Amino acid sequence: MKERCVSFVKGVVFAAASMALYALALWLLISLLLLVISMEEGTGGLTDYAFSLTQSMILLSQGIGFQTSVITLSVIPLTLTLLMVWLLASIARKRHLSWAAYFGGLITWMSLNMAFTFHISVGLLDNIGIVAVKTGFVFTVAFVLGAFPVSESWQRIKAFASQHVSLELRRALSLGVALGLTLLGIYVLLACIDVVVWIVYGADAVSKIFELDAMGVGSRIMTSVCSLAWLPNLCIWSLSWMFGSGFRIGELAHFTMWIGQSTDLPGVPLFGIFPQAIGNDGLRSFLLSLPLIISLVCALAFMLSPTGFAIRAPRAGDDRATVVRDVIMFAYPLGSFCISGALVALGSSCMFALSNGALGAHRLAHVGVDVVASTRAVGHPTIVGLFATWAAVIVADAAWYGLRLCWSHLRPAKNSQSTGNTADRQPRGVASAPIVADYATTTTKEEQDGINEQAD
């Protein structure tokens, strides 16, 4: 009981310290931004709003939007969310916190966030109950990611799995998860590269927006730095755009590879990097086929590599039991590909849903992607590529095994025929050898008698 109380107190301290570190860093950044703006604009008092804006951004990074008389904002700054989760998970992993500490930390974390709602100068889009649920969910995800892999519960689960689950099944599960995460990682990397291309081509448009907004050098730098808070959102929208679905900025703009139109967008510098339509049909076709190509290559590597399933065609000399066992082995990559496809579909749909939000109450009420269409654009070609690779490897191995089997049946016939021809020739050569030897011996004796007569 005493140990649980100590762990509970550790959880309280863990949550309070994590919130203090996160809030302090965010408050310093926001204070610097407001200070730079006030110095360039020649106005004072902006830094007085730093604490209230910090509270708003802490809640916004956990999915709680807010509204003022000017703006309604519910697009989650995923960079801040990822930093918050990373901070909580890192401390929980380093301290090896128990489940008793989790409950203490959860209560403290929810209480702190609910306290922010009573001392905030903006109107929140969620009531206090929803605030508690959302903030508690964020804390739970971070704690599980940090503490669970080093906990005794995970070790017991691994020991139970090693005793009651076969090695092949455990390997199939791990490879399926690894392949799904690999595909998602490659897709996100391509999306990040695409965003860099957007930034390069949209640099002139962003500069024009800075000039129209009459921003100084300091404001431009701080605005660009603060825009990084929504960089993951841009990468997720880029992923949808690159694979054919696209994204919308409310009713004011729609961006796809075929359409790049916008009307009366707000003067936000970040909007200047949004892409134009692609006029090259070959490039569009290549981008649309990327998930299919990547899934084909990754699935083939996982099936044939020694660190993967190491699939090989059966040998012609194998017995029936060995052949049947090799055929059954194809079920494991099939199960792994099912896990990978489900993970890609679920992961991409979660990313698309988290990246959406609102920038207003009317024409900007929906900013982001169509979750269903974007998930289909990513998941459908990925699943097709995975199962097409599995079927192609089966067909190729079956064909190769058939060729080996045919060759093994033809090769003994040729060997027996060549052995029979050698046996037919061998007796004649062996029987003629004494005759040749006798003839050679007789001739030599006659010649010798002739030589003796001549000598006499």
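Aromatic pairs in this predicted model come to 18. Two of them share Phe247, as the table shows.

| Ring pair | Centre distance | Plane angle | Class |
|---|---|---|---|
| Phe247 and Phe255 | 5.2 Å | 25° | stacked |
| Phe247 and Phe274 | 5.3 Å | 65° | edge-to-face |

The second pair joins distant parts of the chain. Phe247 lies in strand β4, while Phe274 sits in the loop between β6 (260-262) and α11 (281-288), 27 residues apart. Phe247 and Phe255 are both buried. Phe247 has a relative accessible area of 1%. Phe274, at 6%, is also buried, because the cut-off is under 20%.

Ring pairs also build a cluster from Phe14, Trp99, Tyr102, Phe103, Trp109, Phe139 and Phe143.

Next, the nonpolar cores. The largest has 53 residues, and Phe247, Ile249 and Phe274 touch the most other members. Elements giving two or more residues to this core include α7 (167-201), β4 (247-249), β5 (253-255) and α15 (371-455). Helix α7 supplies the largest share, nine residues. A second, separate core holds 39 residues, among them Tyr22, Met57, Ile64 and Leu88.

Ile249 has contacts beyond its neighbours within four places in sequence. Its partners are Trp237, Phe255, Leu265, Phe271, Phe274, Arg363, Leu364, His366 and Val367.

The surface carries a nonpolar patch of Phe8, Val9, Val13, Trp99, Phe103, Ile107 and Val144. Together these residues have about 620 Å² of accessible area. Helices α1 (2-41) and α4 (99-116) each give two or more residues to the patch. Val144 belongs to helix α5 (residues 128-147). At 32% relative accessibility, Val144 counts as partly exposed.

Key
Residues are numbered from 1 along each chain as its sequence is written. This is a predicted model: local features need pLDDT of at least 70, side-chain atom pairs count only at pLDDT 80 or more; totals for chains, interfaces and linings use all residues. Side-chain values use heavy atoms; hydrogens and water are left out. A nonpolar core is a set of buried Ala, Val, Leu, Ile, Met, Phe, Trp, Tyr and Cys residues joined through side-chain atoms within 4.5 Å. Buried means under 20% relative accessible area, exposed over 50%, partly exposed in between (1.4 Å probe, protein chains only). Helices (H or I, at least four residues) and strands (E, at least two) are DSSP runs, numbered from the N terminus. Contact means heavy atoms within 4.5 Å. Patches are made of residues with over 30% relative accessible area and no salt bridge: like charges are joined within 9 Å, nonpolar side chains (Val, Leu, Ile, Met, Phe, Trp, Tyr) within 5 Å. Accessible areas come from the Shrake-Rupley method with a 1.4 Å probe; for residues, only the protein chains shown count as cover. A salt bridge is a side-chain nitrogen of Lys or Arg within 4 Å of a carboxyl oxygen of Asp or Glu. Rings of Phe, Tyr and Trp (its six-membered ring) pair if their centres lie within 6.5 Å; planes under 30 degrees apart count as stacked, over 60 as edge-to-face and the rest as tilted.
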